[in-house]
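Visitor: Could we go through this model together? I would like to ask about single residues before turning to the whole chain.
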Amino acid sequence: MQYFISHYNKESELKFPDDLIIYDTTLRDGEQTPGVCFSFDEKLEIARKLDQFKIHQIEAGFPIVSEKEKETVKAIASEGLNADIIALTRTKPGDIDVALDCDVDGIITFVGTSDIHLDHKMHITRQDAINLCETAVDYAKDHGLYVAFSAEDATRTDIDFLKRIYSKAEECGADRVHIADTTGAITPEGIKYLVSELVKDLKVMLALHCHNDFGLAVINSITGVLAGARGISTTVNGLGERAGNASLEELVMALKILYGKDYGFKTKYIKELSDIVSKASGLEVPYNKPVVGNNVFRHESGIHVDAVIEEPLCYEPYVPELVGQKRQLVLGKHSGCRAVRAKLNECELDVTDDELIEIVRQVKKSREEGKYINDQVFKEIVKKTKK
Ligand code: MN
């Protein structure tokens with residue numbers, strides 16, 4: 001058995017689309033994390049690994065930002081990856097021209113739509129925003145691009161105005177419209193209401209870009225999809241502005257394991273992907289980060305370890321191999337004979353039962369004295385005990 005979840009999950013009652021698209025924005029929103037700047041090689045490496053993972057679309061960057069960014073997006077677009085490569089643009093034809101120079105498959109063109117963004121950032125009227133949307137979508141469609149129109153701060157935008165601007169995008173031939181929860185300020189119930197209202201009027205595919213300011217980005221994405229959205233944006237390790245975006249690994253594993261919806265992603269590459277992004281971003285993954293954290297398949301407590309040695313699913317919802325992780329048994333103050341015996345076997349050391357009891361005692365003592373029991377410390381304890 002590879003996983004074991006609650007039988008109270010009623011996946012059969014839920015309606016997930018078969019054609020869900022995940023567009024990963026590690027290389028764009030992820031790179032907008034304060035202090036993060038990927039090199040050309042790092043971006044290419046991440047894009048290749050995402051492609052191996054079988055991601056549907058890669059938002060490769062924001063090409064108008066710099067010459068280097070443009071060059072990188074162009075290089076990713078010409079890699080011959082299976083994933084579609086898309087770039088971010090403002091609603092300016094000049095931005096779209098630069099994206100066209102990169103030979104991307106498509107663009108996400110965005111404009112702020114909430115009153116607070118219109119008044120304090122753009123200094124334009126709602127009608128101006130609709131005009132910008134029309135110009136950009138028309139222009140990009142005329143140039144043969146796949147076009148997603150994104151309403152920035154959509155979750156704090158008046159719903160009638162949202163419907164108007166999305167309808168305009170649809171009318172101009174947009175392939176998709178995005179709800180950006182730019183400040184992570186909506187609840188699952190809120191997104192359910194918003195998506196349900198929008199899909200009543202729109203035929204165009206709806207997608208979600210959720211931020212994680214309250215730790216709800218993944219569940220907001222899932223709830224939105226169950227309400228009728230068909231696209232989700234993610235980042236590896238949940239990277240992104242402020243508290244980041246919906247984490248790719250958490251979302252994909254929740255869909256696959258908890259909801260029984262396997263979209264064919266090569267989840268065995270998840271750990272590798274996480275490591276590459278962690279290294280390139282310079283941001284260490286927290287030990288307790290779901291799916292990819294170092295502690296997720298690590299057990300120390302004696303009672304837990306005893307059980308895990310016999311049946312890992314006693315204390316794991318799924319086995320680590322599914323995400324390219326490894327199970328680790330850690331010795332410490334909670335360790336018992338069984339865990340120590342397992343560690344001895346792993347180190348190919350043989351001891352008597354009396355020695356075993358003494359080794360367990362010494363392991364607990366060393367840990368409580370502040371020593372971390374790594375293999376070297378453990379071997380020293382064994383050596384001393386056997387004398
Ligand atoms: Mn964002």
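Visitor: Is F161 buried or exposed?
Guide: F161 is buried, because its relative accessible area is 1%. Here buried means under 20% relative accessible area, exposed over 50%, and partly exposed in between, with a 1.4 Å probe and protein chains only. This is a predicted model, in which local features need pLDDT of at least 70 and side-chain atom pairs count only at pLDDT 80 or more, while totals for chains, interfaces and linings use all residues. Residues are numbered from 1 along each chain as its sequence is written, and side-chain values use heavy atoms, with hydrogens and water left out.

Visitor: Which helix holds F161?
Guide: F161 belongs to α6, residues 159-171. Helices (H or I, at least four residues) and strands (E, at least two) are DSSP runs, numbered from the N terminus.

Visitor: What is F161 in contact with?
Guide: Apart from neighbours within four places in sequence, F161 contacts T113, L118, R126, A129 and I130. Contact means heavy atoms within 4.5 Å.

Visitor: Are D29 and H211 buried or exposed?
Guide: D29 counts as buried at 2% relative accessibility. H211 is buried as well, with a relative accessible area of 4%.

Visitor: And what does D29 touch?
Guide: Not counting residues up to four places away in sequence, D29 touches H209, H211, G240, E241 and N245.

Visitor: Let us move to α12. Which of its residues are buried?
Guide: In α12, residues 337-346, the buried residues are A339, V340, K343 and L344. Seen down the helix axis, these residues fall within an arc of 140 degrees, so they line one face of α12. The arc is that of the directions from the helix axis to the C-beta atoms.

Visitor: What covers them?
Guide: The cover includes α11 (302-310), β10 (328-329), α13 (353-368) and α14 (375-386). After α12 comes E348, with a positive phi near 55 degrees.

Visitor: Then which residues of α11 are buried?
Guide: G302, V305 and V308 are buried in α11. They lie on the same side of α11, because they cover an arc of only 130 degrees around the axis. I303 and E310, on the other side, are exposed. The buried residues of α11 pack against β9 (298-299), β10 and α12.

Visitor: Lastly, how many helices and strands has the chain?
Guide: There are 14 helices and ten strands. Of the 387 residues in the chain, 52% are buried. Along its principal axes, the C-alpha trace spans about 85 × 45 × 35 Å. Among contacts between residues at least 6 apart in sequence, 72% join residues at least 24 apart.
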